[in-house]
Amino acid sequence: MTFLKQLTSRREFTLGAAAGGAGLMTLGAYQTDASDGELETQSIRLIRDRKFPVLCYAPQYVAQRFLELEGFTDVQYVSLGDDGSYAHALVDGTADMSAALGVDWVPPIANGDPIKVLSGLHAGCVEIFANDNVATVQDLQGKRIAVHGLGSPERFLLSSVLAYIGVADTDVEWVFAHPNDWAGMLAGGKIDAMASFPPLNYILHDEGIGHVVLNTTTDNPWKHMFCCMVAANSTFAQENPVAAKRALRAILKANQLCSEQPEVAAKWLVEEGQSPTIDYAMRTLTDLPYDTWDIFDPEDTLRFYALRMNEAGIIDATPETIIANGTDWGPLNEVLKEMKA
Amino acid sequence: MIQALGKLRVWSVLAGLLVAGGVITLLSGAVADRSGLARMGQAPDFVLPNAGGGTTRLADLRGKVVLVNFMFTKCPDYCPTLTSVLANVQDDLITQGLGDDVYFVSVTVDPANDTAELLNRYADSMYVAPESWSFATGAPDQIEQVAANYGVFFRRLASGSVEHNLLTTVIDRDGVMRVQYAGERFDPDELIADIRNLAGGFLRLL
């Protein structure tokens with residue numbers, strides 16, 4: 001009897017201890033699924049190109065108020081360098097985080113530069129305008145195309161388009177000029193084609209300059225992937241994981257505002273001098289699918305552009321290498337669990 | 001020998017408690033975590049006068065899933081749309097037997113104009129169930145602080161209207177922020193599923 005009691009007691013104790021321990025482990029796991037820690041820095045530098053304002057990055061500009069609500073007391077918008085490269089501004093540490101064309105992040109990542117892509121922002125936004133010498137994108141072969149420089153975002157985008165249709169980007173004539181001059185050059189017959197971003201798109205449309213041969217908002221396959229993506233300087237992201245995550249959250253909240261309350265966002269863009277008119281801002285915000293940030297897979301976009309850059313001979317790295325070395329989806333995955341739209 | 005048996009009984013009782021506690025913790029933890037939602041930190045407490053003449057204190061709502069959003073009664077478009085969506089969510093939750101487990105708090109961002117009468121009229125027009133929905137107001141600086149704590153900015157325009165973003169915060173029974181729904185075009189069924197998961201738990205299944 002005593003033996004049985006002892007046995008029962010021991011069994012109960014063992015079971016209780018095991019279950020209790022497991023319960024405590026569960027409780028522990030529950031508690032370590034923790035909230036944000038303290039911001040490692042209250043300063044953040046984003047990019048705003050005042051020489052050639054690009055409106056499709058609207059969420060980045062609108063994010064200022066959300067960044068302040070996230071605890072950033074020093075939100076700076078720094079200018080681009082003369083080469084017009086968003087990637088270079090991140091790599092050289094001029095800026096901590098920025099949106100830019102997804103394709104713009106690929107070459108520096110292939111080069112081993114310190115950039116981590118954190119999220120997609122939206123699809124669409126680029127239109128390729130051409131004169132009457134060009135009826136379709138296939139006709140771009142042998143034509144004169146304006147770009148800021150060989151390391152500029154639009155050159156990488158155009159090279160990826162050419163690669164997609166099987167045209168080597170050595171088979172076109174790159175004409176180097178500041179983006180503010182492209183429209184005049186197209187109208188004056190000095191170039192045959194150019195890539196354009198809002199609000200320049202609307203100026204070209206309204207003034208009847210050229211015609212569109214490709215629209216990444218509506219044409220396959222581009223409409224199914226991100227155009228602009230958010231990236232951070234790797235050192236900033238690694239040393240300030242809480243700040244990186246909160247900054248991304250602020251930008252994505254702003255993204256959602258652009259999508260759902262465009263008139264609010266448009267007003268801010270005008271007030272802050274980012275859009276010359278409310279009309280351009282509204283057209284940008286209503287034309288572009290800002291509600292795709294939580295729908296598309298950012299890895300698909302990077303894979304697509306890495307393949308095209310590889311085909312164009314601009315990089316040697318494989319898409320797997322680009323994704324492995326140049327992405328950090330941790331902050332996005334956290335935000336996706338915290339914010340739904 | 002008798003003393004030894006007595007100690008064993010004490011150990012048995014303790015072990016039984018550990019077993020029960022462990023199993024309940026395991027099961028309730030597993031069920032609660034089914035939501036897959038983040039734990040964004042303790043929701044900042046607030047104490048605000050409400051349109052019913054009482055006070056809405058977040059801490060008093062512990063044990064319920066709480067939804068907090070911001071609006072103003074003269075808002076011509078987004079606020080009534082969002083409130084209507086949330087009213088339908090509330091209606092569905094009541095139908096599903098979760099009416100007592102969920103509480104809604106709508107905080108006005110226009111406290112200067114949104115009187116208790118206007119807020120009550122607004123609530124009536126939205127067909128909300130008032131027993132589990134407070135429309136709260138307060139001093140402007142108080143509202144500004146609460147809004148900031150929940151990631152919402154607002155500013156009064158020269159036209160007299162108020163500009164603000166839309167963010168609905170879902171807080172679990174323990175007062176922890178779990179998810180925020182941005183805008184008013186989200187899938188209400190997803191919100192209902194999140195609330196159901198947060199309101200659920202082992203004890204509710206008994």
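I looked up Ala231(A) and found that, leaving aside its neighbours within four places in sequence, Ala231(A) is in contact with Leu90(A), Ser98(A), Ala100(A), Trp105(A), Ile115(A), Lys116(A), Val117(A) and Leu118(A), where contact requires C-beta atoms, placed from the backbone, within 7 Å. I note that this is a predicted model, in which local features need pLDDT of at least 70 and side-chain atom pairs count only at pLDDT 80 or more, while totals for chains, interfaces and linings use all residues. Residues are numbered from 1 along each chain as its sequence is written, with chains lettered from A and ligands numbered from 1 in the order in which they are written.

I then turned to the largest nonpolar core, which has 161 residues, and found Ala231(A) listed with Ala58(A), Val106(A) and Cys228(A) as those with the most contacts inside it; such a core is a set of buried Ala, Val, Leu, Ile, Met, Phe, Trp, Tyr and Cys residues joined through C-beta atoms within 7 Å. The largest share of this core, 10 residues, comes from α9(A).

Next I checked helix α14 of chain A, residues 330–338, where Pro331(A), Leu332(A), Val335(A) and Glu338(A) are buried (20 or more other C-beta atoms within 10 Å of the residue's own; helices are DSSP runs of H or I, at least four residues, and strands runs of E, at least two). Seen down the axis of α14(A), these buried residues fall within an arc of 125 degrees, taken from the directions from the axis to the C-beta atoms, so they line one face of the helix. I recorded that their cover includes β4, α9 and β11 of chain A together with β9 of chain B.

Technical notes
Buried ≥ 20, exposed ≤ 12 C-beta atoms within 10 Å, placed from the backbone. Contact = placed C-beta atoms within 7 Å.
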